[in-house]
Amino acid sequence: MFQNNDDLEKEDVLRNKIDMERLPSHIAIITDGNGRWAKKKFLPRAAGHKAGVERVKEVVKAVGDLGIGHLTFYTFSTENWNRPQDEIDSLMKLLVKYLDKELNTLHENDVKITVLGDLTGLPSLPKEKVIKAIEKTKNNNTLNLNIALNYGGRNEIIRATKKIIEDVEENRISIDDIDEETFKNYLYTGKQPDPDLLIRTSGELRISNFLLYQIAYTEFSFPNIYWPDFSKKYLYKTIIDYQNRNRRFGGI
Ligand code: IPE
Ligand code: IPE
Ligand code: MG
């Protein structure tokens, strides 16, 4: 796939090549490579995360402008607690800062923020900010912005299973009611459509416990650049590539 900026056409040229009738309904992104981007520039890892947030803002705006209804970012995984405490702290600080600075703009643009993941496990300040953001934007519906925070796909499936068992035991549903559609509703993504397109930057070719149930028929894209380099034109290029694929869903 594409390697760097020079390989690409101009942003507006790419933008015009997107078929607006066949946009993905849901794009999910594993924003990977912040640390390596910083290292390459002899900067601390935190500088990579900071640059990464700027790309998040750019991509949220571009996806919103295209009229795509669902966008998911993998912001912090259940495994990311294994990082050094100072890196965890700087990631949490950036989240707080992002919400402090962007919440009003997001709200004005009718963006609904949803968190995928176990909020109870977050430190108190980010938890408070995230709850406030969810509450403030809960009636918006132009763009559903999902932030996967303290998120793990296996954990999500186990949590859903436990909730289903509870509902069966309390006679709220019967075992026969459980089908793929019902099961989906117990996941953090609820009634949202499955991702049509999953992008992982940085060149790693793995899923790292992201949206395991939801990606059954998702198209994958693994651009070989670090997340802080993923400008709008990479997004456009990825969408164009996606539109050139033939999704068969098991048919012919
Ligand atoms: C992704 O970048 C950001 C988060 C995990 C929050 P990394 O921090 O994983 O960057 P690399 O993979 O070490 O380059
Ligand atoms: C995945 O990236 C998680 C996020 C981007 C938040 P990681 O950098 O944590 O994944 P691995 O460790 O390379 O699989
Ligand atoms: Mg990484």
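The points below take up the basis of the values, a strand, the ligand site and a proline.

1. This is a predicted model, in which local features need pLDDT of at least 70 and side-chain atom pairs count only at pLDDT 80 or more, while totals for chains, interfaces and linings use all residues. Residues are numbered from 1 along each chain as its sequence is written, chains are lettered from A and ligands numbered from 1 in the order in which they are written, and side-chain values use heavy atoms, with hydrogens and water left out.

2. Strand β1 covers residues 26–30, strands being DSSP runs of E of at least two residues, and helices runs of H or I of at least four, both numbered from the N terminus. In β1, 5 of its 5 residues are buried, that is, under 20% relative accessible area with a 1.4 Å probe and protein chains only. H26, A28 and I30 point one way from the strand, whereas I27 and I29 point the other way.

3. β1 pairs in the parallel sense with β2 (residues 70–77) over 5 bridges, where pairing requires that DSSP finds at least two bridges between the strands. β1 also runs parallel to β5 (residues 197–200), to which 4 bridges join it. I30 takes part on both sides, with Y74 as its bridge partner in β2 and R200 as its bridge partner in β5.

4. Ligand 1 is surrounded by 13 residues, of which the closest are D32, G35, R36, R45 and R83; a residue counts here if one of its heavy atoms lies within 4 Å. An oxygen atom of the ligand is 2.7 Å from a polar side-chain atom of R83, and an oxygen atom of the ligand is 2.9 Å from an N or O atom in the side chain of R45. For the backbone, a polar atom of G33 lies 3.4 Å from an oxygen atom of ligand 1. The protein covers 87% of the 380 Å² of accessible area that ligand 1 has on its own, by the Shrake-Rupley method with a 1.4 Å probe.

5. Which elements give two or more residues to the shell around ligand 1? They are α2 (34–40), α3 (45–66) and α4 (85–108), and α2 gives the most, with 3 residues.

6. P126 has its place in helix α5 (residues 124–137), and P126 counts as buried because its relative accessibility is 6%. P126 and V96 are 30 residues apart in sequence, yet their C-alpha atoms are 5.5 Å apart in space.

Notes
Buried means under 20% relative accessible area, exposed over 50%, partly exposed in between (1.4 Å probe, protein chains only). A polar contact is a pair of N or O atoms within 3.5 Å; within protein, one must be able to donate a hydrogen and the other to accept it, and residues adjacent in sequence count only if both atoms are side-chain atoms.
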